[in-house]
Amino acid sequence: MIRSLWKRYRAVALVYRIGAAFVLGSVVGLAVGEPATALAPLGDLFVRLLSMLVVPTVVFTLLTGLQQLRPETLGRIGGQVVAIYAVTSTIAVVIGLGVANLVDPGAGFELEEAAATSTETASVEPPTLTEVLLGIVPTNPFGAIADADIVAIIFFVVVFGLALLLVAERTESAAVRDGVTAIRDSSEAGAEAMFVIVWGVLEYGVVGVFALMASVFDRVGADAILPFAVLMGTLTAAVVLHVTVVYLLGIMLMIVHCSPLSFLNGSRTALVTALSSSSSSATLPVTMRNAQERLCVDKSVYGFSLPIGATINMDGTVMYQGIVAIFAANLAGVQLSVGEQITVVFLAVLASIGTPGIPSAGLVMLTLVLTQLGLPLEVVGFVAGVDPILDRLRTMVNVLGDLAVTVLVASFNDAIDVTAGVWDE
């Protein structure tokens, strides 16, 4: 009987279980009242587990993501793809921060744990822009790892990863090539191991989110519903703005000179798959088929741009990280300075290189941003309950961005037939 119930429980997708835990925890907190605070340690454990993942996840996944950028593929097309992905991701997080500053999600709703966590941070004078830029470069990479200085860690890992690519390309020593291969294999194995640990932590997250929400609603009551609704509305508004201005009007209409509606029609199957699977990687076969059969892009372009896009192009995810950073700051009762928001832009774009294209991976990468800003990681547990909805929206934007950049690069290199497929319908 117990085994049968366990199998049925595991048969339900994790994102739905976390969503159910969010709802049930909220109901229990409202119904039970003060006794629900006894569940708080279970929520605290979830937060500690997330903290444990931060540094090893960014090191292993970023090194693995950089392995996609092999010198032999980084010619004219490769350079264009990577550069445009970086530009659209930067625009996405700037739009996310801009909309979040206007809407101010979480304003007026201060959590005690968040405020307590950020007391020291709020009392320290915010760093200047010069200090922020200089702080990107670590004086001691191992010290940065020990201190969980995420921006400095990402800078060093990117430099080290690119150096490995150059060494592998230029060296004539078999021993050195073997060493580079061993580092690459180790980083890939480490990334896979971290994904297993992440999955385990998210499995426990069903309990953790339930406990966090029960303890929150116990104290603040039904007023806690509004901030989450505003958060979801903020992301939706930012997504609509980014897709309309950047993909449809900017890339399709003004640069490629093709119909935005035709582009959406040609991307339809991939978008539906992304919406249902919440995974850029799982959607990749469908995305590539749409690029070839519907959008009529040559394989020389989409064969590189789409696989690497599923790894490094995360417009929806970086936008989400910027919005939640403002949300977390409001919950903590602090104001993010201009320098700190610039740090969010830099960190979100670079972290997107190592974001795996799997469901709810953005939750893990969100811990990087909050850790760097000194904001409470409890926020990750709070937003995890509504993440099943937000994750699908983010994934759809990620996939649409992959296809938009693919069409753009193909148009630059005469590798698209605009007289066939969806363009001719």
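**Entry 1. Helices H11 and H16**

I looked up how helix H11, residues 225-256, packs against H16 in this predicted model. The two axes lie 10 Å apart, at an angle of about 140 degrees. I therefore recorded H11 and H16 as oblique to each other. Their crossing is right-handed. On the H11 side I listed Pro227, Phe228, Leu231, Thr234, Leu235, Ala238, Val239, His242 and Tyr247. H16 contributes Asp315, Met319, Tyr320, Ile323, Val324 and Phe327. Sorted by class, the residues of this contact are 12 nonpolar, two polar and one charged.

**Entry 2. Alanine 238**

I then turned to alanine 238, which is placed in helix H11. Is alanine 238 buried or exposed? I noted a relative accessible area of 0%, so alanine 238 is buried. Which residues does alanine 238 contact, once neighbours within four places in sequence are left aside? I found Ile95, Gly96, Val99, Met319 and Ile323. For one of these, isoleucine 323, I also noted the separation from alanine 238: 85 residues in sequence and 9.0 Å in space, C-alpha to C-alpha.

**Entry 3. Helices H4 and H16**

Next I examined helix H4, residues 76-103, against H16. Their axes come within 8 Å and cross at roughly 30 degrees. H4 is therefore roughly parallel to H16, the limit for that term being angles under 35 degrees. H4 passes H16 in a right-handed crossing. From H4, I listed Thr88, Ser89, Ala92, Val93, Gly96, Leu97, Ala100 and Asn101. These meet Asp315, Val318, Met319, Gly322, Ile323 and Ile326 in H16. I counted by class eight nonpolar, five polar and one charged residues in the contact of H4 with H16. Asp315, Met319 and Ile323 of H16 are listed here, and they are also listed in the contact with H11.

**Entry 4. Helices H4 and H15**

I followed H4 to helix H15, residues 299-312. The axes of H4 and H15 are 10 Å apart and the packing angle is about 35 degrees. This crossing is right-handed. H4 makes the contact through Ile77, Gly78, Val81, Val82 and Tyr85. H15 makes it through Ser300, Val301, Phe304, Ser305, Leu306, Ile308, Gly309 and Ile312. The residues of the contact of H4 with H15 divide into nine nonpolar and four polar, with no charged residue.

**Entry 5. Asparagine 330**

Returning to H16, which spans residues 315-332, I located asparagine 330 in this helix. What does the side chain of asparagine 330 reach? I found the backbone oxygen of proline 105 at 2.8 Å.

**Entry 6. Serine 187**

I placed serine 187 in helix H10, residues 174-220. Serine 187 counts as buried because its relative accessibility is 4%. I also looked up the separation of serine 187 from phenylalanine 60. The two are 127 residues apart in sequence, whereas their C-alpha atoms are 5.1 Å apart in space.

**Entry 7. The chain as a whole**

Finally, I recorded values for the whole chain. How many helices and strands does the chain have? I noted 20 helices and zero strands. Of the 425 residues in the chain, 54% are buried. I also looked up contacts between residues at least 6 apart in sequence, and 84% of these join residues at least 24 apart.

Methods. Residues are numbered from 1 along each chain as its sequence is written. This is a predicted model: local features need pLDDT of at least 70, side-chain atom pairs count only at pLDDT 80 or more; totals for chains, interfaces and linings use all residues. Side-chain values use heavy atoms; hydrogens and water are left out. Helices (H or I, at least four residues) and strands (E, at least two) are DSSP runs, numbered from the N terminus. A polar contact is a pair of N or O atoms within 3.5 Å; within protein, one must be able to donate a hydrogen and the other to accept it, and residues adjacent in sequence count only if both atoms are side-chain atoms. Axes are lines fitted to C-alpha atoms, for helices over the stretch in contact, and angles run from 0 to 180 degrees between N-to-C directions. Angles under 35 degrees count as roughly parallel, over 145 as roughly antiparallel, 65 to 115 as roughly perpendicular and the rest as oblique. A crossing is left-handed if the near helix is turned anticlockwise from the far one by less than a right angle, and right-handed if clockwise. Contact means heavy atoms within 4.5 Å. Ala, Val, Leu, Ile, Met, Phe, Trp, Tyr, Cys and Pro count as nonpolar, Asp, Glu, Lys and Arg as charged, and the others, Gly among them, as polar. Buried means under 20% relative accessible area, exposed over 50%, partly exposed in between (1.4 Å probe, protein chains only).
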